[in-house]
Amino acid sequence: MGSTSSNAIKINNLHHEYVAGKPVLKGINIDINESGIVAIIGPSGTGKSTLLKCINRLNDPSDGEILFDGEDLTKLKGQALRKIRRHIGMVFQEYNLVERLTVLENVLSGRLGYMSSWDAWRRNYKQEDLKQAFELLDLVGLTEFANQRADGLSGGQRQRVGIARAVMQGPYLLLADEPTSSLDPKTAVEIMELMETFAQRNDIPVLLNIHDVNLAKRYAKRIIGMANGKVHYDGPPEDISEADLKVIYGGESWME
Amino acid sequence: MTTSSIDLEWKRFTLKERLSRFSVYLIIVMSLLWSWQSVEVIYEFLYDAPEQLVDMFERMTPLDYASYPTTIHDALIETLHIATLGTLITLIFAVPLALLNAPNITPNKALNWIAQFFLVSTRSINSLVWALLFIALFGPGVIAGIMAIAIRSIGFVGKLLSEALAEVNMGTIEALKATGAPWGSILVKGYWPQVMPAFYSIVLFRWDINVRESAVLGLVGAGGIGVVLNDAQNLFQWPKVAMVLVSIFAVVIVAEIVAIQIRKRLI
């Protein structure tokens, strides 16, 4: 299952622009060696999602390098890229499940990178994958929903399926793009707890975007504050100052 | 109370909009008048139409029930076969073209346009014309009918399917991409579950249309019930003609009911 390679991920001088001349990321440097939750905070539009999507290459960064598992992710293409994506799980704000498939099949789809399309078509899942899928469903508390269609679930339940699918990949790194933003405060806490559980269980880093500063402080071992496409703060949650937050979010009226 | 000088009167259309709307109406009326003049109705034929109608009804009744088991039944089954096989063969061409035409699956403008060209050209030609072409190729008979139905339906099925593919939730596709799934698996596990209801709905609807279309194809010699209809008409066997028409009507109704029932269970 999960294993941490030393120096899990290292991002060097990463730049990205969707439109030429309008950079979103302006030289990001992040080095993550430890397992546990690393929270990226920052206002909307500052490039948090862009950064995560550059890591698993749903976006192609304009410049810089991302070292992961002995490879520079920014250079990979085709087959090599697919192979490495298997080891980076991703959880989405809008869950992004396959609505018409069952909960179990959604979890199993985390293994799609390890099987041929022909086997995927015939639903020829390996016995050990099935066993692991049921184990994960048990861990996220959805065992009795295994054969229900994903479109019948609530937001919190869907996100649990999303997490189980990502963990099913056997990732060395988990990315989570605003995993709690569409959920109520209580469910958001439960989801964060689940993220923490899997970070420990699989001994892997979980890099997640979040705009709720308190939730970030409560669960993260480390906080990265982004402002204007750059890293403004990178350190333990207890050391982040009000002055830092002012720079990150701009202004102070929101803090009262 | 402050009375502002701002004019609070609300008008739905500006003067320019009203003028352009008026000219659209004017063009519609003028084109109606113009087309009425150009069709050159022969009013003498219109005047005795009611008489002709009664006369034809008298010649058609009573229905020639005896002809059903001898000739009509087999031809009717043949018509259903033409429609069904034609619809199935359509899929061989329509599915790849739909995949090529959907910009989110094939991010290549040139390929999109090539697919678009085939989809438009196949559906812009009427199935009777396709039937005539295929009769020239394969000779008169069922094969020509099947191919006419198959080719004619490509544009319809392909266009609607590619639209369904283009409208899938791309977040789901992104999530599967992020797992490192190969392209084929994304297709069968991401796109297919999302378009499946639309796919069956489109195919059933087209089959339903094809049953009706294939009933007419026999008129040009492409097999099926139309051949019987045409022969009976040429031989002035009006009771038999009536029997054929009633049979076609019954089959169309049954096809409609079957299609509705299947669609209901699938979605």
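Two strands count as paired if DSSP finds at least two bridges between them. Strands (E, at least two residues) and helices (H or I, at least four) are themselves DSSP runs, numbered from the N terminus. The model looked at here is a predicted one, so local features need pLDDT of at least 70 and side-chain atom pairs count only at pLDDT 80 or more, while totals for chains, interfaces and linings use all residues. Residues are numbered from 1 along each chain as its sequence is written, chains are lettered from A and ligands numbered from 1 in the order in which they are written, and side-chain values use heavy atoms, with hydrogens and water left out.

In general, strands of a sheet pair through backbone hydrogen bonds, either parallel or antiparallel. Chain A has an open sheet of 4 strands in the order E2-E1-E4-E5, with antiparallel pairing. Strand E2 (22–32) and E5 of chain A sit at the edges with a single partner strand each, so one side of each has no neighbour in the sheet. E1(A) and E2(A) are joined by 8 bridges, and A:Glu17 stands opposite A:Pro23 in E2(A). On to the next pair: strand E1 (residues 9–19) of chain A meets E4(A) over 5 antiparallel bridges, with A:Ile9 opposite A:Phe68.

The hairpin of E4(A) and E5(A) has 2 residues between the strands, and A:Asp69 in it takes a positive phi near 55°.

Strand E9 (residues 222–227) of chain A is another story: 6 of its 6 residues are buried, so E9(A) is largely enclosed by the rest of the structure. A:Arg222, A:Ile224 and A:Met226 are on one side and A:Ile223, A:Gly225 and A:Ala227 on the other. With strand E3 (residues 36–41) of chain A, E9(A) pairs in the parallel sense over 4 bridges, and A:Arg222 is the bridge partner of A:Val38. With strand E10 (residues 230–235) of chain A, E9(A) runs antiparallel over 5 bridges; here A:Ile223 stands opposite A:Gly235. The E9(A)–E10(A) hairpin has 2 residues between its strands, and A:Asn228 takes a positive phi near 50°.

Over in chain B, B:Glu213 lies in helix H9 (residues 183–217). Leaving aside neighbours within four places in sequence, B:Glu213 is in contact (heavy atoms within 4.5 Å) with B:Ser127, B:Ile149, B:Arg152 and B:Arg206.

Definitions and conventions
Buried < 20%, exposed > 50% of the residue type's maximum accessible area, 1.4 Å probe, protein only.
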